[in-house]
Every structure is written in structure tokens, then in C-alpha cells.
Amino acid sequence: MNKLLEIKDLSITLKKENWEVVKNLNFDLNAGSSLTLLGQSGSGKTLTCKSILGVLGVQFSPSGEILFEGHNLLNLPAKTRGSIYGSQIAMIAQNPMTAFDPSAKIGRQMDETLRIHTKLSPAERHSRCLQALNEAGLTREETVMESYPFMLSGGMLQRVMIALALMTDAKLIIADEPTTALDVENRNATVDAFVRLRERGTAVLLVTHDFMVAARFGSRVLVMKDGKIVEDDSADNILKNPKHPYTRELLSASRLSFYGREEV
Amino acid sequence: MLEAKGLKKLYALKGKGAQSQMPAVNGVDITLQDGVSYALVGESGSGKSTLAKLLTGLISPSEGDFFLDGKSLVPKNKVDKSLHSKIQLILQDGKSALDPHFTVYDSIAEPIRNLLSVSRLQEKEMVLELMERMELPAALLKRTSGELSGGQQKRVCIARAISVSPRILIFDEAVSGLDVIVRKSILQLLKRLQQEQQCTYLFITHDIDVALYIANHIFVMKDGRIAECAVYDGDVTVFMHPYSKLLLESISP
């Protein structure tokens with residue numbers, strides 16, 4: 001099994017306050033496998049994502065190594081950046097409602113991606129788009145292509161983003177809170193689309209605060225709190241037998257009605 | 001008791017003539033008994049937020065009426081200020097609901113000053129007491145809303161709403177977008193408050209898990225109408241409508 005992504009002793013410090021927000025993180029992701037970072041606001045999960053994506057921000061200083069197929073992403077020469085980000089590592093944004101150009105139809109926006117990155121003919125691009133939309137779990141693909149972003153629900157837009165990521169043939173897809181802006185039903189459909197991504201061999205790093213999303217996605221889960229990993233186990237095990245008290249607290253807060261309605 | 005009969009709210013579709021109207025709320029009958037905790041569950045587009053705005057007098061119905069203790073609440077000519085103190089609304093975006101220039105103290109004192117006649121000293125006592133009930137440290141009183149966390153902002157909004165001792169509290173997606181642990185602590189606070197205040201809750205949410213946690217009576221809304229009303233006491237089999245069952249399926253692990 002080759003290691004696609006290796007996080008080695010990653011620490012991230014907020015310079016102004018000399019505050020270590022991420023503390024000595026270590027984990028690996030193999031090619032074609034997936035991982036969920038589960039934690040609340042302030043756990044450090046988003047900063048970890050940002051450092052992998054190379055968009056950390058000058059107020060933070062990282063230390064340690066983030067190796068992607070041997071390249072240290074924390075120390076990447078400018079010309080290598082272009083060949084990795086956008087083509088080998090793709091990102092799914094949190095808020096699908098604002099991620100698209102509101103004045104252009106979906107089909108045109110998808111086509112643009114292929115026109116820039118590939119040498120396919122217009123007809124080939126069109127069928128590639130339809131195929132990607134279908135793989136992402138959308139039906140009525142032609143209608144989606146003909147729609148403006150405002151005509152589609154958040155869940156549908158999220159799946160269009162997944163379709164776009166599928167079209168890039170990226171090896172690693174990072175999704176930071178992809179379901180937070182969505183209704184429960186759309187949430188499930190979106191998670192299922194990520195499962196399909198995983199099944200076709202793309203490595204997925206899913207970041208969420210929602211236990212049920214982690215459970216449904218069903219991969220290895222790293223529970224993060226205050227910049228550290230407090231539990232590392234399969235989603236199934238964590239659901240049935242959470243060990244760390246924080247994990248248990250998260251679980252009971254994520255499935256409110258399942259634990260009975262305790263008298264306050 | 002709050003009773004709504006045949007409430008409709010129609011929005012005209014642009015450029016298609018008077019014939020084309022979209023009903024956001026399409027004939028809703030709802031009764032809220034005093035002191036009971038209700039939830040209204042529906043997806044986006046079900047009409048639930050429009051219904052919240054109708055019940056709090058923010059918009060007028062196209063048809064239908066609603067009554068508080070038999071007296072019609074549909075705003076006719078002049079605005080009835082006493083209504084504002086009887087029914088309060090708490091929204092999802094805590095930050096936008098608070099004036100960014102106001103301190104937490106002023107935010108909480110504002111409804112008291114506008115709707116109640118109390119002295120400055122009484123006002124101060126009320127604000128301090130509310131902070132304590134919201135489990136917020138008094139040190140936060142001099143901060144502005146931008147200097148609070150999402151959960152803290154939410155607590156300030158709740159403090160504002162209950163400061164005037166409303167009979168009915170309507171929450172519109174009030175805990176959506178909060179981290180689950182923060183969400184749980186706010187919901188526990190709301191449950192406790194309801195027992196203390198004996199007010200009526202209408203908790204509007206897209207998340208049936210939250211609805212089942214906070215309420216005893218659940219309305220399920222779809223396409224502008226109430227699909228089902230179930231009395232829930234821990235047993236989900238009370239839900240009969242296929243749409244309700246679909247919503248329930250979406251939260252099972």
C-alpha cells in the first residue's frame with residue numbers, strides 16, 4: 001500500500017499569541033482510501049486541511065512535514081504548486097450556494113473546466129460532464145446542465161461540485177464540512193456521493209463536525225479536540241463503542257433523540 | 001391558546017401575470033395550547049419559515065386568520081405593539097440579529113426598554129438575572145456581538161426574547177449551524193427555560209432529530225401544508241405519513 005499523504009509532526013502556531021492550535025499531528029492516508037477528521041470548531045481540523053491545501057494564511061506558522069507522494073507541501077516550489085493543486089489535489093467547498101458563478105449555467109461552468117484542462121472535443125466534453133453528474137448521484141443530468149445555480153438546491157450544487165472534482169481525476173479530494181450548509185436529506189445524498197468517489201479509487205479526506213456524517217461515510221475516523229487526535233478507529237467501532245469521553249459526548253450530542261429525552 | 005385557520009401566503013411569480021402565484025403556505029390550520037412544546041419539521045421550501053413570519057406578524061396572510069385567546073392577530077391597520085411582547089421569534093443567524101454596535105448589555109436591555117416600563121435599576125437587575133439564566137458570565141456584558149462565539153450570540157438572542165416574558169416563543173432554525181455539543185447545551189437550556197417559564201414553544205427545524213428531542217407535539221410540513229401532527233413520547237411509530245417516515249429514515253445511522 002503506497003502512502004499518498006503523510007502528515008508528520010504537524011504543528012500550527014498562531015503567531016500573534018504564540019498559541020499552538022494544532023499540536024504534533026501524525027497520520028497517513030493511503031492511495032484510494034479515505035479518512036474522516038471529526039471535531040468541533042476550534043479542534044484544528046480546518047487548519048489542518050488548509051495547511052494540506054497550501055492556503056494556511058500568514059498569521060499561522062506550520063512546522064513538521066506534509067508529504068504528498070514524497071513532495072513536502074509545506075515547502076513547495078512555486079512551479080510545482082500548479083501541477084499538484086487543482087489537478088492531483090482537489091477541494092470541495094463548504095458552501096455550495098456561493099461557490100458557483102450565478103450568471104452562468106451549470107453546463108457552461110463544467111464545460112469550462114474541461115476546456116481548460118483537457119483537449120476533448122465539445123461533444124466529448126458534454127458527455128463527460130453528463131457522466132460525472134451521474135457518478136455524483138444526480139439524475140436528470142441534462143436539466144442540471146441547463147440550470148442556473150440558483151435553481152438547484154444546496155445538496156444538488158454540492159453534488160455538482162463533486163462531479164467537477166470527479167472530472168479532474170484528482171488522486172486526493174479534500175472536503176471541509178461539505179454537508180454543514182445542507183438539509184438532512186441532502187446531507188445523506190452528498191455523503192453517498194463521496195462514498196461513490198471512494199469506491200472508484202479516489203482518496204477522500206472528509207472533515208466534519210457531524211458524527212452522523214462520519215458514521216454514514218464509514219471510513220477510518222480521527223476524532224480531534226484542541227489540536228490533537230483523541231481517538232482513532234473505524235466509524236463503526238466509534239459508533240458502537242466510543243472510548244474517549246469526548247467522543248462519547250460528541251456521539252450523544254449528534255443523535256439527540258436516540259438517547260432518550262432525559263429530564264433536564 | 002394560539003389558533004391559526006386556513007392560513008395562506010401566496011407569492012406572485014414574476015412576469016407571468018396574476019394567474020401565476022406560488023403558494024408558500026397553502027392552507028394551514030394549527031392550534032398551539034399554552035405551555036406545550038411543539039416542533040414543526042419540514043425541508044427548505046416547505047413553507048415553514050413563511051409560517052413563522054405569519055405567526056409573528058412580520059408578514060400578512062393572503063388568506064386566513066389566526067387568533068390568540070380568540071382575538072385576531074392579523075395586523076389590520078395599526079401595529080399592535082403588545083403582540084410583540086406576547087410572541088417572540090428567534091432566528092438562525094444570531095450575529096445578524098444583534099446590532100453590531102450594541103454591547104451585550106444594550107442588546108438584552110433593548111426589548112425591555114421598548115416594551116416594558118421599568119426603572120433603570122430594575123432593567124439592570126433583569127439583565128443580570130437573564131445572563132445568569134443563560135449561563136453567560138457577566139464579564140461578557142461589555143462585549144459587542146462580533147466578540148462572541150456563535151453559541152454565546154445565540155444565548156444573547158434567547159435572553160432578548162424571554163426578557164419580555166412572552167407567552168409563545170417561535171424558533172426558526174435557531175440551532176442550525178451550531179456545533180453539535182453547543183447545540184445540545186442550548187437545547188437543554190431551552191428545555192429548562194420552558195419548564196420555568198411555562199411558555200409555549202414552536203420549534204421550527206429541518207432536522208427531525210432536534211424536533212424529537214425538544215417537543216411533544218410534532219407537525220410535519222410539506223409543500224405549504226401540514227402533512228401530519230403526531231404526539232410523540234419516545235415512540236417513532238406514532239408517525240404514519242409516508243413523508244414523516246422518510247424524514248425519520250434520514251436520521252437513522
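## The sheet of chain B

In this predicted model, 6 strands of chain B form an open sheet with mixed pairing, in the order E6-E7-E8-E3-E9-E10. Strands are DSSP runs of E with at least two residues, helices are runs of H or I with at least four, and both are numbered from the N terminus. Two strands pair if DSSP finds at least two bridges between them. Strand E6 (87-90) and strand E10 (225-231) of chain B stand at the edges, each with a single partner strand, so one side of each has no neighbour in the sheet. Direction ignored, neighbouring strands are turned by 20 degrees against each other on average.

Strand E9 (residues 217-222) of chain B pairs with E10(B) in the antiparallel sense, over 6 bridges. B:Phe219 has B:Cys229 in E10(B) as its bridge partner. Helix H1 (residues 48-55) of chain B lies across E3, E6, E7, E8 and E9 of chain B. H1(B) runs at about 150 degrees to E7(B). Axes are lines fitted to C-alpha atoms, for helices over the stretch in contact, and angles run from 0 to 180 degrees between N-to-C directions.

## Helix packing in chain A

The axes of helix H5 (residues 122-135) and helix H7 (residues 154-167) of chain A come within 8 Å and cross at roughly 120 degrees. The two are therefore oblique to each other. Angles under 35 degrees count as roughly parallel, over 145 as roughly antiparallel, 65 to 115 as roughly perpendicular and the rest as oblique. A:Arg128, A:Ala132, A:Leu133 and A:Glu135 of H5(A) meet A:Val160, A:Ala163, A:Leu166 and A:Met167 of H7(A). Contact requires C-beta atoms, placed from the backbone, within 7 Å.

Helix H4 (residues 106-117) of chain A and H7(A) have axes that come within 10 Å and cross at roughly 20 degrees. That makes H4(A) roughly parallel to H7(A). The contact is made by A:Ile106, A:Met110, A:Thr113 and A:Leu114 of H4(A) with A:Val160, A:Leu164 and A:Met167 of H7(A).

## Confidence and conventions

The predictor gives the complex an ipTM of 0.76 and a pTM of 0.78. Chain B averages a pLDDT (the predictor's confidence in each residue, from 0 to 100) of 87, and 92% of the residues score at least 70. Within chain B, strand E3 (residues 37-41) has the highest mean, 95, and helix H2 (residues 81-86) the lowest, 70.

Residues are numbered from 1 along each chain as its sequence is written, while chains are lettered from A and ligands numbered from 1 in the order in which they are written. Local features need pLDDT of at least 70 and side-chain atom pairs count only at pLDDT 80 or more, whereas totals for chains, interfaces and linings use all residues.

How values were computed
Two residues are in contact if their C-beta atoms, placed from the backbone, lie within 7 Å.
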